[in-house]
Amino acid sequence: MSLEKLTLKVDKAEGNACPTCGGSFQGTTLENTLMRLNGVSKAKYDEVTYKVKIEYDPQKVNPSKITERLQKLGYRVQNA
Amino acid sequence: MREYIRGTVLFILTVVFTVASWLILRTGIAYASESSIVLALIAIACGYRLYAKALRLLYHKRITVQLFVVIAIAASIAAGYYIPAATVVLIILAGTTLEDYILYRTRGAIEKLVNMSPKTALVRRDREEVEVSVEDLVLGETVLVKPGERIPIDGTVVSGYSAVNQAAITGESMPAEKAKGDYVFAGTMNGNGALEVKTEKIAEDTTLAHIIHLVEEAQEKKAPIQNIADRFTTYFVPSISILAAVVFTATYVLVGLQQAITRTVSIFLVACPCALSLAVPIALVGAIGNASMRGIIIKGGTNIEKVKDVKSVAFDKTGTLTVGEPKVVNIRPLSNHSKDEVVRYAAIAEKFSEHPISKAVIAKATELGVSIPDPTKFNILPGRGVEAYYGKHEILIGKGMMDTAVAEEEDKAISEFENEGRTVLPVILDKHVVGLIAVADTIRGNSRDAIERLRRLGIKTVMITGDNMRAAKSIAGQIGVDEFYAELLPEQKVEVIGKMKSGGVVAMVGDGVNDAPALANADVGFAMGAAGSDVAIETADVALLGDDLTKVEYTIKLSRKAFSKMKMNIAFSIAWNILGLTLASLGLLVPISAAVLQEAGCISVVINSALLLLYK
């Protein structure tokens, strides 16, 4: 089983939360949500660059499904 | 989780080095002050993640409060305040670690739901039972669920009988009986019987997975009140920078450099918009998480703000306030016949009919232990009743079958029942009425309680139904709603909702399928018993997964509480910042107290909001 890597740039649709603590608050939500997706084994959000690094199993999930999930949560998503 | 461990370890190291630094300084041994400085610097270094992040933010041209903190610490070191600087780092690390932990716990409500779903399932393949990962199940396969285990998939019971606790989905701990043909949900807890379930939905398609996704999405949907907080946050950094510059210059001129540095450092440390920006999102996560553990999905912050203002609630009758299935509520034998006899003849005639009323009669006969032989011949006359033969006897059921002149006694009994809103079935055996069976939809166990609770909150209750006036009046009277409207077409229900809106925010409670237009037109639509219908869960503003109507009142109370916490927290944060900044500007706050004040403010807000999770 080989894992694939994906990096997405996300931006909250309606402005960002707190510059200090809000960042980590948002980060944990995002990571937790992605980690609960079937097939996603790693999700790491960088609150400075707004990039999220994802490791997933292509047999179980694909980038469009991951992107869709993030969009449903209200993030704007771009490929990074 | 690893984040917290790392955070905690760094915090502990900071404490150890700071204390050591301070103790060594007091011993007065050789090189005490030099050693003390080194230890303090090590303690300060433990906050490296703070500095790294601030520098990276600066590199990406984002000026944030974190930069202030780093400047403050650097300034303290430059001014020779090593131990105070270390103490500030210690306080900040303590605050962040604690905050992260509380946030993690607040998010835990979802984690609980996630853990409800088993990762593996016992499945029958090639006549053998094998344990496989839930993700590898194939639709249509038969999964075996042992007593006391959680059901891994959504599907239909093919054999077995058990009482299943569906609290994971509906929030109601009364077990539901499940037998062949019944639908079960992933995540629910099997009782004492073994079940064989045909797999219909797995992994992310299960009802539980949908619920989790919806809760995640709801927690991200901002409450409108957040905009107030955001507006403050936007102006925060520029305002603080200007204030710091003014205070520094003024103090430098009037008092001196040292005092100017101290005051500026204090301003930088005490200023934090975090309480402000965290107040609302955490309250939101807490309230929605709280609701989700009780089988209530509130779709985002906007709905919390609407629900808190609800002035009147409209309920659909059939299937919402009532069970929606007719039941035999009275049997009146006439002449010298017995109750059992009346039910038996009726049941024989109705045995092969699929009509809900027939089913009610059969159910009653079964309940009374009356045996039901097959009719020799039977015929349904739509709109009139049933005609059947049993041996030599002719059995007729229904008011439409009574063409002979009705005796006074029968007539009186019929109108008595009808005035109570019942449907009356005369049972006619060989041209003689042997008895009357009264059938009615029954009220849900908690309807009356639900209405009473709303009344105590000062909320008006209205029942709207397409049913006839008499049945509506009877139900309305028993439940105790303030008003009712009967014989309404779906579009007329919408009109009633429209009229109610003149009296303030209107909530509508229905099953989400038949009353979709009315639900959509109300300010807040509550879909009840939504667990079985993905459409109802998706479209409702608030989905009650079970059918406990008292949850309507709970949702309103929870929303009121959540909103008042949001307001309280925002007001508190603003006041706290103003207080801190004033004290710091006047030189009444040393840097350490400034850091303590800031963290205390932030943590109080976080805790206050997180407590919503425990609200009952």
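This is a predicted model: local features need pLDDT of at least 70, side-chain atom pairs count only at pLDDT 80 or more; totals for chains, interfaces and linings use all residues.
User: How many residues of domain 1 of chain B are in contact with domain 2 of chain B?
Analyst: The domain assignment places domain 1 of chain B at 120–205 and domain 2 at 295–321 + 444–557. Their centres, taken over C-alpha atoms, are 32 Å apart. On the domain 2 side, 7 residues take part in the contact, and on the domain 1 side the number is 6.

User: Which strands are the edge strands of the open sheet of 6 strands in chain B?
Analyst: The strand order in chain B is E12-E17-E16-E15-E14-E13, with antiparallel pairing. An edge strand pairs on one side only, and in chain B this applies to E12 (322–333) and E13 (377–381).

User: Which residue in E15(B) does Ala388(B) stand opposite?
Analyst: Strand E14 of chain B covers residues 385–390 and pairs with strand E15 of chain B, residues 393–397, in the antiparallel sense over 5 bridges. The residue in E15(B) opposite Ala388(B) is Ile395(B).

User: What angle does the direction of helix H15 of chain B make with that of E17(B)?
Analyst: Helix H14 (residues 356–368) of chain B lies across E12, E16 and E17 of chain B, at about 60 degrees to E12(B). Helix H15 (residues 408–419) of chain B also packs on the sheet, touching E12, E16 and E17 of chain B. With the direction of E17(B), the direction of H15 of chain B makes an angle of about 5 degrees.

Terms used. Residues are numbered from 1 along each chain as its sequence is written. Chains are lettered from A and ligands numbered from 1 in the order in which they are written. Domain bounds come from an automatic or database domain assignment. Two residues are in contact if their C-beta atoms, placed from the backbone, lie within 7 Å. Two strands pair if DSSP finds at least two bridges between them. Helices (H or I, at least four residues) and strands (E, at least two) are DSSP runs, numbered from the N terminus. Axes are lines fitted to C-alpha atoms, for helices over the stretch in contact, and angles run from 0 to 180 degrees between N-to-C directions.
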